[in-house]
Amino acid sequence: MSLDNGRDAVLIIDDEDVNRELLKAQLEAAGVKTLEASGGVEGLSIIEQLGSELGAVLLDLHMPKMNGFEVLRRARASNQQRHLPIIVVTAATVVNHGPRALPSPPPERRQLPAVAARIAG
């Protein structure tokens, strides 16, 4: 599996079909190519295969089997994926998981296409 145009696609990792479809529609309307994964295991596999070719990842935190924190931890443990931009997207109103707390507030949903397009290049 590889991308034709290099680092211009955003990988959407979310177990909810409706969330993936919404993000995909917003990004593609902004001219951003997308790839989708329906869970953490599938998403991490794509990151491992295409990480250097991805522009960014939109990552849900709350998923069965492998949650977003574990995907993030494993992606950051890899030297090849260490600098891959990963934007956490969650429906939770408060994201406070102690030492795993997010360092800054994520962009608002309406800002995601512009943020992802800017990061993906």
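How many bridges join β1 to strand β3 (residues 54–60)? Five bridges join these two strands, which run parallel, where helices (H or I, at least four residues) and strands (E, at least two) are DSSP runs numbered from the N terminus, and two strands pair if DSSP finds at least two bridges between them.

This is a predicted model, in which local features need pLDDT of at least 70 and side-chain atom pairs count only at pLDDT 80 or more, while totals for chains, interfaces and linings use all residues. Residues are numbered from 1 along each chain as its sequence is written, and side-chain values use heavy atoms, with hydrogens and water left out.

Strand β1 (residues 9–13) is largely enclosed by the rest of the structure, because five of its five residues are buried (under 20% relative accessible area, with a 1.4 Å probe and protein chains only). Ala-9, Leu-11 and Ile-13 point one way from β1, whereas Val-10 and Ile-12 point the other way. β1 also pairs with strand β2 (residues 33–37) in the parallel sense, over five bridges.

In helix α3 (residues 68–77), the residues Gly-68, Phe-69, Val-71 and Ala-75 are buried. Seen down the axis of α3, its buried residues fall within an arc of 160°, so they line one face of the helix; the arc is that of the directions from the helix axis to the C-beta atoms. The elements that cover these buried residues include β1, α2 (40–50), β3 and β4 (86–89), with contact meaning heavy atoms within 4.5 Å.

Methods:
Buried < 20%, exposed > 50% of the residue type's maximum accessible area, 1.4 Å probe, protein only.
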